[in-house]
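Student: Hey, can you walk me through this structure? I'm new to this.
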Amino acid sequence: MTTNNTSGAVAAATLDTSGLLCPLPVYKAAMALKAMEQGEILELICTDPGSLADIPAFTRQRGDRLVEIDDRGTSQVFWIEKGTGA
Amino acid sequence: MTTATQPETATTTHESRTKRLALVASKGTLDQAYPPLILATTAVSLGWEVGIYFTFYGLDILHKDRFESLKVASLANPSGPLQVPNVVGAIPGATAVATKTMKRWMDNASMPTIPDFIDMARDLDVTFFACATTMGVMDVSESDLIEGCDIAGAAAFLDYAATADIQLFI
């Protein structure tokens with residue numbers, strides 16, 4: 001599933017972590033990014049109440065670029081451009 | 001909120017140097033086994049290097065015969081899974097019920113089990129230090145531990161922790 005965003009980011013992969021709590025969204029996102037190339041975009045769907053704080057921290061620490069956040073209240077969609085990390 | 005937000009990009013704050021997290025896991029109850037493993041798997045997901053020093057009862061988390069059957073007691077644990085008068089926690093079977101309740105909570109929340117977390121952490125190259133003194137005191141041999149543990153004393157762990165960005169005792 002690829003959802004609309006305002007930045008025009010095109011996701012190379014989508015990961016839906018709905019229903020999962022910390023640390024699983026971050027853990028699974030790291031696994032997904034590991035299989036991707038630098039510059040590719042991961043679309044990450046979260047319902048973890050901590051994700052609005054956690055995912056920006058995750059991308060900041062990894063050195064990825066958080067292209068866009070779509071906060072839908074009970075869920076959030078993040079578009080993450082893979083940086084130079086693993 | 002239906003409109004997308006443009007977050008501040010934070011690539012400028014990313015450091016190329018790998019950060020290190022050093023944890024001490026000193027408790028061997030089911031509830032206290034989770035925090036070090038959650039922090040460890042999160043930190044490696046952030047690209048950090050992680051080592052956990054399992055000492056005293058925390059060594060049970062690495063013990064082949066024990067790590068799959070860690071328990072949580074209701075007795076003297078007012079925040080525990082069983083909201084009952086403290087004395088009820090002393091009744092035979094109360095610990096089993098509290099443990100079952102906590103496992104059900106975790107399962108309902110799709111949380112990994114402790115063995116799952118151990119596998120995740122090991123696959124991500126988290127270093128498991130097994131406290132040599134605890135092994136001596138509690139008569140635990142290397143063959144009693146799960147695969148891939150580094151047997152180490154306090155000096156070796158402190159040497160590892162000395163260059164860590166974060167050190168936590170749990």
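Student: What should I know before we start?

Tutor: This is a predicted model, where local features need pLDDT of at least 70 and side-chain atom pairs count only at pLDDT 80 or more, while totals for chains, interfaces and linings use all residues. Residues are numbered from 1 along each chain as its sequence is written, and chains are lettered from A and ligands numbered from 1 in the order in which they are written.

Student: OK, chain A. How many helices and strands does chain A have?

Tutor: Chain A has two helices and four strands. Helices (H or I, at least four residues) and strands (E, at least two) are DSSP runs, numbered from the N terminus. Along the sequence they come as β-α-β-α-β-β.

Student: Why is chain A called as compact as a globular protein of its length?

Tutor: The radius of gyration of chain A is 11 Å, close to the 12 Å that the globule rule gives for 86 residues, so chain A is as compact as a globular protein of that length. That radius is taken over C-alpha atoms, and the rule is 2.2 Å times the number of residues to the power 0.38. The C-alpha trace of chain A spans about 30 × 25 × 20 Å along its principal axes.

Student: What share of chain A is buried?

Tutor: Buried residues make up 44% of its 86 residues. A residue is buried if 20 or more other C-beta atoms lie within 10 Å of its own, exposed if 12 or fewer, and partly exposed in between, with C-beta atoms placed from the backbone. In strand 3 (residues 65-71) of chain A, six of the seven residues are buried.

Student: What does strand 3 of chain A pair with?

Tutor: Strand 4 (residues 76-81) of chain A, in the antiparallel sense over six bridges. Two strands pair if DSSP finds at least two bridges between them. A:Leu66 stands opposite A:Ile80 in strand 4. The two strands form a hairpin with four residues between them, and A:Gly73 in the turn has a positive phi of about 90 degrees.

Student: And helix 1 of chain A, which residues are buried there?

Tutor: In helix 1 (residues 24-34), they are A:Leu24, A:Pro25, A:Val26, A:Tyr27, A:Ala29, A:Ala30 and A:Leu33. Their cover includes strand 1 (13-16), strand 2 (41-46) and helix 2 (51-62) of chain A, plus helix 1 (30-45) and helix 3 (114-123) of chain B. Two residues are in contact if their C-beta atoms, placed from the backbone, lie within 7 Å.

Student: Switching to chain B, what order do the strands of its open sheet take?

Tutor: Five strands form that sheet in the order 5-4-3-2-6, with parallel pairing. Strand 5 (149-152) and strand 6 (166-169) of chain B are the edge strands, each pairing on one side only. Strand 4 (residues 127-131) of chain B pairs with strand 5 of chain B over four bridges, and B:Cys131 stands opposite B:Ala152.

Student: What does B:Ile52 touch?

Tutor: Leaving aside neighbours within four places in sequence, B:Ile52 has contacts including B:Leu23, B:Ala40 and B:Phe129.
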